[in-house]
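Morning, everyone. Please look at the structure on the screen, and we will walk through it together.

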Amino acid sequence: MAKLGIFDLAVRYGKLTAIADLSFTVAEGQRVFVSGPNGAGKSSLLSAIAGSVRTAHGRIEMDGDILSGLGPEAIARRGLSMVPEGRRIFAGLSVLENLTVGTGIRRDRGAVADDLETVFTAFPILRERARANAGALSGGQQQMLAIARALMTNPKVMLVDEPSLGLAPKVVDEVYDRLCQLQALRGLTLVIVEQSSARAARVGGRMLLMRGGRIVADGDATEFAARDLLTEAYFGGAA
Amino acid sequence: MSLQLLFDALALGGIYAIAALGIALIFGVMRLVNFAHGQFIACAVFALIVPSTDALAVLGLGALPAPVLVPLILLIGAGLAVAAEALVFRPMRNASPVALMVGSFALGVALQNLLLVLYGGRPKAVSLWAELGQPVQVGSASVPLLQLIVIAAVAVILAGLALMLRKSRLGLEMRAAAEDFTMARMLGVRSNRVISGAFALSGALAAVVALVLVAQTGVADVRMGGQIMLVAFIATVVGGMGSLSGAVAAGLGIGAASALLQAGLPADARPFRDAFLYGGVILVLLFRPQGLFAPVGAKPRV
């Protein structure tokens, strides 16, 4: 059974259709990049899965359970976590408090302490700045905090929306290194929105190409970079 | 400045701060300006006396000894607010902030009319803790015992609330939700729990204001929440909508300024005290339209 299944999904904002007739499944432990031009519906897709945007039609399943129609808190409780666009860290809370918000849904108190140790090991800067206001962190540190915060809910599936946005290339490298490390360590299923096909190819994984609210191509990220499918998606042409 | 004046300023400012907090707590988590807060206060006042339209008030719950009465009235305030949220605001959860605000006006009018039906429209004399009116000598000043109790109670409540927000799980979730509600939900924070919690705290704070008002004035009046609600609302705006510490600071500031003006203005100008006071408010807002302490969460996001 697929870990995550999207079937005939549609998302609309008033009369505007952001996503139409979209279907795909993700296997457990897979890493899937979602790419495409602005307005392709990438963020809407992630928001719909996480429950922060209502679906107009279709079904979203995780482990065979239907997620669509549930509120974001119920979806988080089932083991799906989101690193949203723009990071959305709680700037007025300390780093440690940011990490603690998502642990309220867990009953495994001992494992929470272990997980905190895990993310502190992966992102030592967060341990160093644990008492600092999260708003005082740099952009890259905030991205790391957003990832760590999502991990603290002990997710099985994690959605990451444009982790490279606004970060220096070197910092992006580090963010992806850690993300892949943590994925391997935790057996996570990852869905990542990433604009750069070159970046996706270097990190490796499956890639979905979106345009106009639909998936226009589905394949290995390395092939995408070679076949210029992105150019087709951005400038039209038969994809 | 005389000691007497200091106590006046602290007591008045403290009550404004508590009332402003009641509004800021709810605004913080759901961007709702709850204009029914004044009626929450009025309801808590009338909970003290037996329902009747007679001119003479008969103490019901108000006759209970203070150690029983105070927690009971706080519970009633909290319960009323939680019930109002469940019955009125929860069905409107996805409505616009403006619709929510209009809803709160409607709730306020409904509550006020309920009180009118049950208790009649005339103000009633209520003698609650009359013995607290006796003056106590503090240094050079002679201060009513009640005023000292009010100041101490406000300090305890503010400290307790700050501790609760800093240290408890609900407090953490409320602060996170105040900054970014959807993000908090995506981390598993239950919106109903956070919103009910905010309403419960707000209702309990309304009950505190009610007790102090009755003890100070000795009157139960259906309209008595309105005036303080106005001041409290202004304090939350001056403090920066959604900032709890801002609401407290501005509430204290407005109360203190009010007491200072009362004492400092020439006798001829004293009737216009509030004009001076709100003139000051306008000045503050001219220079800081976002309020003195605009919270992080109120900033526009990219």
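Which residue is the bridge partner of A:Val34 in E9(A)? That partner is A:Leu208.

Before going on, some ground rules. This is a predicted model: local features need pLDDT of at least 70, side-chain atom pairs count only at pLDDT 80 or more, and totals for chains, interfaces and linings use all residues. Residues are numbered from 1 along each chain as its sequence is written, while chains are lettered from A and ligands numbered from 1 in the order in which they are written.

Back to the strands. E3 (residues 31–35) and E9 (residues 206–211) of chain A pair in the parallel sense, over 4 bridges. Pairing requires at least two bridges found by DSSP. Helices (H or I, at least four residues) and strands (E, at least two) are DSSP runs, numbered from the N terminus.

Now the whole sheet. It is open, has 6 strands and mixed pairing, and its order is E6-E7-E8-E3-E9-E10 in chain A. E6 (80–83) and E10 (214–220) of chain A stand at the edges with a single partner strand each, so one side of each lacks a neighbour in the sheet.

Next, the contact between chains. Chain A gives 24 residues and chain B gives 22. Contact means C-beta atoms, placed from the backbone, within 7 Å. On the side of chain A that touches chain B, helices H2 (72–77) and H3 (95–101) of chain A each supply at least two residues.

Finally, chain B. Over residues 98–121 of chain B, the chain is 92% helix and 0% strand, with end C-alpha atoms 30 Å apart.

Notes: Two residues are in contact if their C-beta atoms, placed from the backbone, lie within 7 Å.
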